Amino acid sequence: LGIESQITDDGGQIAKADGVILPGVGAFPDAMRMLTNQGLKPAVLEAAGEKPFLGICLGMQILTEKGLEHEETDGLGFIPGVCRPIPASKKQPVPHMGWNDLAVKQASPLTDGLDGQAVYFVHSYFTDVPSQYIDVTADYSIEVPAMIHKDNVYGAQFHPEKSGDIGLGILEKFAGLCKA
């Protein structure tokens with residue numbers, strides 16, 4: 001995309017950034033412990049209050065108030081709600097892995113052109129948040145919140161970086177918010 005970016009675990013660099021992407025692979029409690037133990041939680045909290053902020057996959061899940069993965073754990077609390085296990089079924093086993101179509105529920109700066117488009121998911125938990133924060137869903141034994149947002153804080157449960165041109169378009173829109 002030609003966007004300048006930096007991977008960092010330095011709170012000072014996070015403070016200087018025009019926008020922040022919080023990725024996530026792993027488990028909710030481990031991610032929150034890492035942010036706390038590395039002293040990054042204050043920088044993340046401050047950044048989300050000041051600039052465009054995007055959580056991807058586990059990064060989206062920890063935007064909520066708490067998670068129920070392995071143990072009840074406080075999240076960052078940007079968006080009201082709880083991260084819960086996806087109910088498994090014979091037709092839709094957990095983890096949810098693969099391509100699913102999106103249904104836009106309400107417009108946000110990142111949702112233009114997403115209705116009916118397929119993106120790539122890999123997760124076992126979903127963000128159970130009030131409907132006013134749900135921008136996009138996907139059907140997987142339940143209506144899974146695929147994108148959520150509140151103010152300048154956005155979340156994508158799927159992986160835009162693995163979702164071809166559709167995902168790149170979302171990242172490009174986010175970069176546009178960072179430049180504004």
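Trainee: Which residue of strand 10 is the bridge partner of V104?

Mentor: In this predicted model, the bridge partner of V104 in strand 10 is V136.

Trainee: What lies between strand 10 and strand 11 in their hairpin?

Mentor: The hairpin has 1 residue between its two strands. In the turn, S141 has a positive phi of about 65°.

Trainee: Why is strand 10 called largely enclosed?

Mentor: A residue is buried when its relative accessible area is under 20%. In strand 10 (residues 134-140), 6 of the 7 residues are buried, so the strand is largely enclosed by the rest of the structure.

Trainee: Which residues of helix 2 are buried, and how do you know that they lie on the same side?

Mentor: In helix 2 (residues 28-37), the buried residues are F28, P29, A31, M32 and L35. They cover an arc of only 165° around the axis, and therefore sit on the same side of helix 2. In general, residues three or four places apart in an α-helix point the same way, because there are 3.6 residues a turn.

Trainee: What covers the buried residues of helix 2?

Mentor: The cover includes helix 3 (41-50) and helix 4 (58-61), together with strand 3 (64-67), strand 4 (73-74) and strand 5 (79-85). Just after helix 2, G39 takes a positive phi of about 70°.

Trainee: What makes up the lining of the largest pocket?

Mentor: The largest pocket, with a volume of about 1300 Å³, is lined by 41 residues, of which S5, Q6, G19, V20 and I21 lie nearest its centre. Helix 5 gives the largest share of the lining, 5 residues. By class, the lining has 24 nonpolar, 10 polar and 7 charged residues.

Trainee: How do the lining residues of the second largest pocket divide?

Mentor: They comprise 5 nonpolar, 6 polar and 1 charged. The second largest pocket has a volume of about 170 Å³, and its lining residues include G24, C57, E69 and H159. Helix 4 and strand 8 (118-123) are the elements that give two or more residues to this lining.

Notes: Residues are numbered from 1 along each chain as its sequence is written. This is a predicted model: local features need pLDDT of at least 70, side-chain atom pairs count only at pLDDT 80 or more; totals for chains, interfaces and linings use all residues. Side-chain values use heavy atoms; hydrogens and water are left out. Buried means under 20% relative accessible area, exposed over 50%, partly exposed in between (1.4 Å probe, protein chains only). Helices (H or I, at least four residues) and strands (E, at least two) are DSSP runs, numbered from the N terminus. The arc is that of the directions from the helix axis to the C-beta atoms. Contact means heavy atoms within 4.5 Å. On a 1 Å grid over the protein atoms alone, a cavity is a set of points where a 1.4 Å probe fits but cannot get out, and a pocket is an open set with protein on both sides within 12 Å along at least five of seven lines; lining residues have an atom within 4 Å of a point. Grid points are joined across faces, edges and corners, and a volume is the space filled by probe spheres set on the points. Ala, Val, Leu, Ile, Met, Phe, Trp, Tyr, Cys and Pro count as nonpolar, Asp, Glu, Lys and Arg as charged, and the others, Gly among them, as polar. Two strands pair if DSSP finds at least two bridges between them.
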